[in-house]
Structures are given as structure tokens and as C-alpha cells.
Amino acid sequence: MNQCGNCKKRYETNVNFCSTCGNQLLEKKSNVIDFIIAFYVSIIVFIGLSFFIYDGYKENIWVEILVESLFISLVIGFSLVRRKEMLQLYKFPKINKGLLSLYILVTIVNSFLVYYGVEFVNSFINDVSLNSYESYLYLDYPFLWALIFIAILPPIFEELAFRGFLFNLLTEVTSVKSTIIATSLLFALVHFSFISLIWIFPFGLFLGYLRFKYDSLWLPMLIHFIHNLCVLLVDYYVFNS
Amino acid sequence: MENKIEKDVMNCSFCKEQIEKEVVFCSNCGHPENGTDKERAQFFAKRAMEKSKNIDAGEKIKSARNTLFVLCGIMIVYGFIYYYSTKSILDLGVNFFVALIYLALAFWSEKKPFIALLSGLLLYLTLIIISAIIDPTSIVKGILWKFLIISYIGKGLYSAFDLQKVKTVNPNL
């Protein structure tokens with residue numbers, strides 16, 4: 001239902017013009033675009049700055065915790081503006097068990113393909129890829145820290161940022177198909193890596209599709225978690241053997 | 001019941017949409033069906049104004065699209081310059097790949113100008129940040145050009161958004 005801002009007449013259905021005074025009743029939504037740009041720019045500026053911070057404080061868990069919590073507060077801060085819509089996305093979806101196992105299987109196979117594909121490309125261009133487990137070896141429980149910072153936190157907050165907040169804002173101003181493509185592209189871009197751009201884009205399309213199909217963030221979060229966990233486990237296995 | 005509906009509704013003489021008989025303005029296109037001559041004149045003047053605004057918006061979208069083509073070209077040229085100084089095939093590949101994304105976005109903007117230009121703008125901003133990580137002084141290099149590129153894509157982006165908004169109201173415009 002909407003109301004004419006000029007003569008206060010109420011309408012049950014969506015109308016373009018008020019039939020009593022002729023006032024145009026379309027909401028002005030260009031501030032949504034400003035909001036999208038502001039959100040994305042703050043994220044990339046933050047990631048850019050965190051590169052310098054990590055460079056200055058190598059192997060310091062407190063700095064990592066601080067940077068990670070700042071990122072989480074940034075995402076939650078923006079999401080609070082649309083907290084009602086965001087909370088809606090945390091309802092459990094109804095999903096067929098067979099389909100769920102299929103998604104999980106595809107994710108596991110895909111994560112191995114991506115892992116060895118990236119290894120192959122890196123060996124081809126003589127670049128040493130970073131072992132994600134190895135970078136936490138300076139700590140007492142490296143696997144636990146790697147699990148938190150690689151497999152648990154990123155899926156929760158990256159999904160909220162891209163499949164939650166950004167996705168909802170974009171669907172207000174464009175079609176669902178364009179939204180899925182744009183969020184995947186931006187999701188791939190914020191990883192700031194050329195090789196990840198190639199495989200994260202299709203991965204983002206898959207996550208965006210699941211977010212749209214089930215209207216919930218649980219499934220993209222689960223798939224993202226399984227993917228990151230598989231990569232971490234392979235890294236763990238490769239390091240120990 | 002059917003008779004009653006037929007009595008109360010009519011078709012708007014301008015957009016042919018079904019509307020209630022006693023209303024002053026058509027709720028779909030805003031045509032003053034039962035309005036005064038002055039209101040009718042205002043309606044057509046407003047439509048003429050919107051039409052010229054649309055032509056203007058089309059021009060801005062076109063220059064934003066051309067900006068994306070220019071960015072694509074710049075990436076290719078830079079790719080060759082880096083390749084000749086570093087001899088690294090990776091630098092060349094990365095530049096070509098980014099150029100390809102700009103090219104794809106430029107072509108996509110013919111179909112979906114709003115979302116393609118938005119993606120193009122955010123891609124450009126991301127690349128500025130990435131070069132700032134590699135070399136912090138790069139952020140002030142050619143800053144006027146950067147503003148110019150951002151303003152060209154931005155203008156096209158907002159025009160595309162307005163155009164898309166107008167289209168949903170008046171599909172026959």
C-alpha cells in the first residue's frame with residue numbers, strides 16, 4: 001500500500017500517478033545507488049589498508065583479530081540500516097535432502113579442482129602459492145586459528161556483505177539476474193587476486209543462485225564454509241606430508 | 001456485478017489502460033482524463049521535457065560506454081608497456097584479462113546500461129586501490145584523469161538509472 005505525498009490519498013495497489021491530484025508516486029531510489037557505492041568503496045579501502053597493516057605487523061595474532069573485528073563491525077554496521085530485511089535472511093530454508101547432498105558433493109569436488117588448478121597455474125607462472133595452514137604455525141594451536149580465520153569467519157560475514165546486504169540493495173534497483181552477476185563480479189574483485197578472479201566468479205554465481213532460490217543465507221554460508229574447509233584440509237595434508 | 005464493473009471503468013484515452021471512470025488523472029500514465037485544459041497542457045509539456053531529458057540521458061550513457069572502451073584500450077597499452085620492461089607474461093595476461101572485463105561490461109551496457117556501468121565504475125575503483133597497495137604514490141598520479149573517468153561513468157550510471165525508472169512508468173516513451 002502507498003500514499004500520495006501531495007493529497008494524502010491512500011492506494012491499495014501500486015499506482016504510478018495519484019488519480020485525484022496527478023502527483024507522480026514513484027519512490028526516488030537513487031540514494032540506493034549512493035549507498036551501494038559507499039558500501040563497496042568502504043570495503044575495498046578497508047581491505048587495502050589491512051594489506052599495509054599486515055605488512056607492518058607480521059605474525060601477530062592480536063593485529064589479525066583487531067583487523068578482522070573491524071571488518072565484521074563494518075559489515076554489521078551497514079547491515080543494521082536494513083536489519084529487518086537482513087534478519088529475514090536467517091530463517092532456515094526448506095530443502096530436499098538429496099539436493100543438499102548434491103550441492104555439497106559439487107562443492108567438495110569443485111574445491112579440489114580449484115585447489116589443484118590454482119597450484120598448476122602457479123607452478124606454470126613460477127609463483128609460490130601461500131599455504132594457508134603454514135601461515136598460522138607461529139601460534140600454539142595453528143589448526144584451530146586457521147579454522148577460525150579461514151573456514152568459519154569469512155563465510156559468515158562475506159555472505160552477509162555480498163549475498164545479504166549488497167544483494168538486497170541491488171535487487172531494489174535492478175533485476176535478480178543482473179544482481180547475481182554483479183554481486184559475483186564484486187565478490188571476485190575484493191579478493192584482489194588475478195587467479196582467484198577466474199574461479200571465484202562462477203563460485204559467486206552459484207552462491208548467488210542459492211541465495212535467490214532459497215531466500216536465505218544459510219545455504220550460501222554452508223557451501224562457502226565447506227569450500228574453505230576443504231582447501232584448508234588439503235593445505236594441512238600437503239604441509240604434513 | 002459485471003454490469004457494475006463495466007459502468008465504473010473506462011480506458012484511458014492516452015495509454016489505453018483500464019481506469020475508474022470518475023477519477024481526474026489516469027493512475028498509470030498521469031493523463032488528466034477528466035482534468036482541465038491547463039492540466040492537459042501541463043501533462044504534455046512535462047512529457048516533452050522528459051523526452052528531451054531521455055535523449056540527454058542516452059548521450060551520457062553513450063559517453064560512459066565509450067569511457068569503458070577507452071579503459072579497455074588503456075589496459076592493453078599498459079600491458080605491452082609492462083611486458084617490454086619486465087618481460088613477464090603474467091603482467092601481460094593480467095592486463096589483457098582486465099581489458100577483457102572492461103570490454104564485456106561495455107557490450108553489456110548496451111543491454112543493461114545501469115548495472116553494467118555500476119560494475120564498471122566499481123571495477124575501476126578497485127583497480128585504483130590495488131595499484132595503491134603496490135605503489136601508494138600511484139593514487140595521486142593522474143588524479144585529474146581519474147576524476148574525469150569516474151565522473152563520466154558516474155553520470156552515465158545515474159542517467160541509466162533515471163531512464164530505467166522512467167521506462168517502468170511510461171513504457172511507450
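In which loop of chain A does E59(A) lie? E59(A) sits in the loop between α1 and α2 of chain A, where α2 covers residues 61–80. Before going on, please keep in mind that this is a predicted model.

I start with E59(A) for its backbone. Its phi is positive, about 50°, although E59(A) is not a glycine. Is E59(A) buried or exposed? E59(A) counts as exposed because 12 other C-beta atoms lie within 10 Å, and the cut-off for exposed is 12 or fewer.

You will find F192(A) in the loop between α6 and α7 of chain A. With 16 other C-beta atoms within 10 Å, F192(A) is partly exposed.

Now chain A as a whole. How many helices and strands does chain A have? It has 8 helices and 2 strands. The C-alpha atoms of chain A fill a box of roughly 75 × 45 × 35 Å along the principal axes. Chain A has 241 residues, and buried residues make up 28% of them. If you take the contacts in chain A between residues at least 6 apart in sequence, 61% join residues at least 24 apart.

There is a record to mention here. An unreviewed UniProt entry lists residues 143–229 of chain A as "domain: CAAX prenyl protease 2/Lysostaphin resistance protein A-like". In the model, that span is 90% helix and 0% strand.

Helix α8 of chain A, residues 218–240, is worth a minute. The helix has 23 residues and spans 32 Å from its first C-alpha to its last, close to the 33 Å expected at 1.5 Å a residue. Which residues of α8(A) are buried? They are L219(A), P220(A), M221(A), I223(A), H224(A), H227(A), N228(A), L232(A) and D235(A). The cover over these buried residues includes α4, α5 and α7 of chain A, with α7 at residues 194–214.

One of those covering helices, α4 of chain A, runs over residues 97–124 and contains Y116(A). Y116(A) itself counts as exposed, since it has 11 C-beta neighbours inside 10 Å. Between the C-alpha atoms of Y116(A) and N240(A) there are 17 Å, with 124 residues separating the two along the chain.

Next, the packing. The largest nonpolar core has 62 residues. Those with the most contacts inside it come from both chains: A161(A), L166(A) and L186(A), together with Y102(B), L117(B), L118(B) and L157(B). Helix α5 of chain A, residues 142–173, gives the most to this core, with 10 residues. A second, separate core has 6 residues, including F17(A), C18(A), F25(B) and C29(B).

What does L117(B) touch, leaving aside its neighbours within four places in sequence? L117(B) is in contact with A64(B), S109(B), I153(B), G156(B), L157(B) and A160(B).

On to where the chains meet. The contact takes 27 residues from chain A and 30 residues from chain B. On the chain A side, α1 (30–56) and α6 (176–189) each supply at least two residues. The largest share of that side is from α1(A), with 8 residues. By class, the side of chain A that touches chain B has 18 nonpolar and 9 polar residues, and no charged ones.

Last, chain B. It is divided into domain 1, residues 1–56, and domain 2, residues 64–169. The centres of these two domains of chain B, taken over C-alpha atoms, are 43 Å apart.

An unreviewed UniProt entry annotates residues 67–84, 90–108, 115–133 and 139–158 of chain B as "transmembrane region". I looked at two of these spans in the model. Residues 115–133 of chain B are 100% helix and 0% strand, with end C-alpha atoms 27 Å apart. Residues 139–158 of chain B are 80% helix and 0% strand, and their end C-alpha atoms lie 25 Å apart.

That is where I stop. I am happy to take questions.

Definitions and conventions:
Residues numbered from 1 in each chain as written. Chains lettered and ligands numbered in written order. Predicted model: local features only at pLDDT ≥ 70, side-chain atom pairs only at ≥ 80, totals over all residues. Helix = DSSP H or I, 4+ residues; strand = E, 2+ residues; numbered from the N terminus. Buried ≥ 20, exposed ≤ 12 C-beta atoms within 10 Å, placed from the backbone. Core = buried A, V, L, I, M, F, W, Y, C linked by C-beta atoms within 7 Å. Contact = placed C-beta atoms within 7 Å. Expected span 1.5 Å × (residues − 1). Nonpolar A, V, L, I, M, F, W, Y, C, P; charged D, E, K, R; others polar. UniProt positions renumbered as here; feature names shortened; annotations may be inferred. Domains from an automatic or database assignment.
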